[in-house]
Amino acid sequence: MRGSLEPLDVGVQIPYYFRCPISLELMRDPVTVCTGQTYDRASIESWVATGNTTCPVTRAPLTDFTLIPNHTLRRLIQDWCVANRSFGIERIPTPKQPADPALVRSLLHQASSASALPASRLSALRRLRALARDSDKNRALISANNVSELLLSVVFHSDSADLSHEALALLALFQLSEPQCALVASDPDRVSYLVSLLSHSSVDVRVNSAAVIEMAVAGTRSPELRSQVSNAEGIFEGVIGILNYPLAYPRASKIGVKALFALCLVKQNRQRAVTAGAVDALVDRLADFEKCDAERALATVELLCRIPSGCEAFSAHALTVPLLVKIILKISDRATEYAAGALVSLCSASDQAQRDAVVAGVLTQLLLLVQSDCTDRAKRKAQMLLKLLRDSWPEDSIGNSDDFGCSDVVAF
């Protein structure tokens with residue numbers, strides 16, 4: 001959207017009455033307040049959220065905070081965008097209106113009513129999911145009505161598979177409280193049911209189940225409960241199967257890596273992750289992850305490199321070391337720290353990994369890292385690697401120079 005550019009940049013003047021009086025940008029969702037003034041919804045909501053109780057233009061008190069959509073102005077703006085598309089102006093989409101609180105309460109009542117027909121309950125759940133996916137505001141409104149407790153009951157106690165799966169899909173859009181996470185994690189039957197869904201024929205059901213498993217494991221503080229979930233038969237195979245799902249469905253890899261990381265936080269079960277194929281799945285997907293997912297993947301790699309079988313499996317994959325070296329200083333400080341930590345483990349256990357790292361250009365990366373603004377932990381790991389690889393540098397490199405000091409290496 002180029003509505004915020006200056007007129008000279010786009011060759012067209014944006015009419016002043018199409019601009020929000022607060023942001024001075026082209027309005028995408030114009031709404032009128034009780035004083036008769038029109039603003040962009042996001043701007044006026046932000047204005048009110050910061051404690052302001054007056055109209056920004058007239059300074060008159062806002063006696064009613066209801067925002068009325070200005071459909072006429074929005075259509076005029078859309079028509080203007082279409083008429084000026086040759087200047088690079090894109091048509092603003094028709095905004096979806098916030099959910100009506102009364103409608104949400106009615107749908108929740110319908111979905112939870114044991115006396116209602118299954119088809120009616122299913123329809124209510126689907127409408128709620130559609131509303132929840134529309135906006136954060138809708139999700140907050142639905143969540144405020146204790147939706148998670150209702151959905152947990154439907155997921156685990158409904159006789160209808162369709163109802164259970166739809167409730168699971170909606171539940172995956174919300175956060176569970178710590179007591180709710182413990183409620184799921186402490187019940188072997190509930191954990192077993194969720195794990196069984198990891199092999200369901202529908203990828204959506206599998207991914208939603210993995211999302212709830214991840215929430216339950218990450219949301220409980222009890223090491224015993226985390227271990228109990230991670231010990232469930234087939235859980236690692238199911239999660240890694242989701243992680244390996246084709247990239248055409250990106251949500252699968254996103255949820256898969258979150259769930260795998262949460263499960264691998266239980267030290268005793270990392271061997272099971274390696275046996276289930278986590279190493280190949282992580283290395284093969286590493287270059288495709290976006291920032292947050294890449295950080296989780298690298299954190300999981302570092303965790304698995306702390307056990308001998310994991311270290312051996314990663315060393316055996318030809319792409320592991322080159323990818324880790326390439327990632328240093330490329331994604332984020334946290335990703336760099338995890339990549340350096342994994343390389344420390346690999347190079348400590350394998351001379352071949354040391355040679356591979358040198359060939360991949362790790363010397364330059366590490367020298368840049370210790371001089372960067374990266375975290376202290378990342379720098380300590382880099383210094384450890386430089387000391388560890390000192391004998392592997394080519395003879396003419398700085399690594400074998402008498403001027404290169406390693407006295408500042410800090411051990412963990």
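Predicted model: local features only at pLDDT ≥ 70, side-chain atom pairs only at ≥ 80, totals over all residues.

Trainee: OK, how many aromatic pairs does a search of the whole structure find?

Mentor: The search finds 5. Rings of Phe, Tyr and Trp (its six-membered ring) pair if their centres lie within 6.5 Å; planes under 30 degrees apart are stacked, over 60 edge-to-face, and the rest tilted. Tyr-17 and Phe-18 make an edge-to-face pair, with 5.0 Å between centres and 85 degrees between the planes.

Trainee: Is Phe-18 buried or exposed?

Mentor: Buried, because its relative accessibility is 5%; the cut-offs are under 20% for buried, over 50% for exposed and partly exposed in between, using a 1.4 Å probe and protein chains only. Tyr-17 is partly exposed, at 46%.

Trainee: What else does Phe-18 pair with?

Mentor: Trp-80, again edge-to-face, at 6.0 Å centre to centre and 75 degrees. That pair links distant parts of the chain, 62 residues apart: Phe-18 sits in the loop between α1 and β1, Trp-80 in helix α3. Helices (H or I, at least four residues) and strands (E, at least two) are DSSP runs numbered from the N terminus. Tyr-16, Tyr-17, Phe-18 and Trp-80 form one cluster.

Trainee: Switching to α8, how many of its residues are buried?

Mentor: 9 of 11, so helix α8 (161-171) is mostly covered. Among the buried ones are His-165, Glu-166 and Leu-170. The cover includes α5, α7, α10 and α11.

Trainee: And where does Gln-371 lie?

Mentor: In the loop between α22 and α23. Gln-371 is exposed, because its relative accessibility is 65%. Its side chain reaches the backbone oxygen of Leu-367 at 3.0 Å.

Trainee: Last one: which residues line the largest cavity?

Mentor: Val-33, Ile-44, Val-48, Leu-62, Asp-64, Phe-65, Thr-66 and Leu-67. On a 1 Å grid over the protein atoms alone, a cavity is a set of points where a 1.4 Å probe fits but cannot get out, and lining residues have an atom within 4 Å of a point. The largest cavity holds about 30 Å³ of space.

Notes: Residues numbered from 1 in each chain as written. Heavy atoms only, no water. Contact = heavy atoms within 4.5 Å. Polar contact = N/O pair within 3.5 Å; in protein donor to acceptor, adjacent residues only side chain to side chain. 1 Å grid on protein atoms, 1.4 Å probe; cavity = no way out; pocket = protein on both sides within 12 Å on 5 of 7 lines; lining within 4 Å. Points joined across faces, edges and corners; volume = space filled by probe spheres on them.
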